[in-house]
Amino acid sequence: MKTLVTKHLILRPLKITDVDDFYAYAKKPNIGPMAGWAPHHSIQESYEILKMMIKENEVWGITLKHEDRLIGTIGLHVRNFDNAMLNQKEVGYVIDEPYWGKGYTPEAVEAVLDYAFDTLELTKVLCGHATNNLQSERVIKKSGFIYTHEEVRNHFDHTPITIKMYALNHDQYKEWKHDKLKDKI
Ligand SMILES: CC(C)(COP(=O)(O)OP(=O)(O)OC[C@H]1O[C@@H](n2cnc3c(N)ncnc32)[C@H](O)[C@@H]1OP(=O)(O)O)[C@@H](O)C(=O)NCCC(=O)NCCS
């Protein structure tokens, strides 16, 4: 997995020594549940999940440039048969609460989209948020994604939740980047 560098962040492979920092935010009640997973109950649980993520090699650790400490994760996942058959992946992310609202996640998403289209040559990247997750909705809209549909998924406690789904293909993404650059000039 390639390390990606942005203005403020380094997205790097996860390491088993990230476990303390991972557990520190994964146990919080306002992090995992918004992304569909239960808060971790013990550092052992974080350790097992971290080990699995390292093995799957789909998730980058988010760190600030000046400090190699895990503050979140971002990944590109094959969620279902269609994703695998159509060369698509879904982006998912979390970031610890003290770092909210600084634009770090959109910055990480942009680096991952560059990598997804330019290096992995994916046909499409998908992204979704629970209808009540307005913070994630903002990230998705600021990242140029286009709304496609709603689907129902099972929450970690098995209750059904409605997810708003969005997508971007290569050309749509490049057009969004182009427009963003034009606005800056
Ligand atoms: C969703 C999440 C990744 C957003 O990350 P971020 O780095 O804060 O993203 P941004 O800085 O672009 O902020 C997104 C929006 O959050 C809102 N926000 C900012 N700071 C906030 C705070 N302290 N509390 C609540 N909302 C806040 C703002 O509306 C902001 O959008 P705006 O700046 O365009 O107004 C982060 O909130 C998070 O990890 N939440 C828990 C897990 C999660 O929801 N993951 C996504 C699953 S789909």
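How do strands E7 and E8 pair, and over how many bridges? Select E7 (residues 146–154) and E8 to find out: they run in the antiparallel sense over 8 bridges. (Strands pair if DSSP finds at least two bridges between them; helices, H or I with at least four residues, and strands, E with at least two, are DSSP runs numbered from the N terminus.)

Before moving on, a word on the model: it is predicted, so local features need pLDDT of at least 70 and side-chain atom pairs count only at pLDDT 80 or more, while totals for chains, interfaces and linings use all residues. Residues are numbered from 1 along each chain as its sequence is written, and side-chain values use heavy atoms, leaving out hydrogens and water.

**Around E8**

Stay with the hairpin that E7 and E8 form, with 5 residues between them. Click on His-158 in the turn, which has a positive phi of about 75 degrees. Then pick Val-152, which stands opposite Thr-162 in E8.

Next, select Pro-160, which sits in strand E8 (residues 160–169). Pro-160 is exposed, at 58% relative accessibility (exposed means over 50% relative accessible area, buried under 20% and partly exposed in between, with a 1.4 Å probe and protein chains only). Leaving aside neighbours within four places in sequence, Pro-160 is in contact (heavy atoms within 4.5 Å) with Val-152, Arg-153 and Asn-154.

Show the ligand and Asn-133 together: an oxygen atom of the ligand is 2.7 Å from an N or O atom in the Asn-133 side chain. For Arg-138, a side-chain N or O atom lies 2.8 Å from an oxygen atom of the ligand. Taken alone the ligand exposes 930 Å², and the protein buries 75% of that (areas come from the Shrake-Rupley method with a 1.4 Å probe; for residues, only the protein chains shown count as cover). Colour helix H6 too, as the largest share of the shell around the ligand, 5 residues, comes from H6.

**Aromatic rings**

Last stop: the structure holds 5 aromatic pairs. Zoom in on Phe-22 and Tyr-25, whose ring centres are 5.7 Å apart with planes at 70 degrees, so this pair is edge-to-face. (Rings of Phe, Tyr and Trp, the last by its six-membered ring, pair if their centres lie within 6.5 Å; planes under 30 degrees apart count as stacked, over 60 as edge-to-face and the rest as tilted.) Phe-22 is buried at 4% relative accessibility, and Tyr-25 is buried at 0%.

Conventions: Polar contact = N/O pair within 3.5 Å; in protein donor to acceptor, adjacent residues only side chain to side chain.
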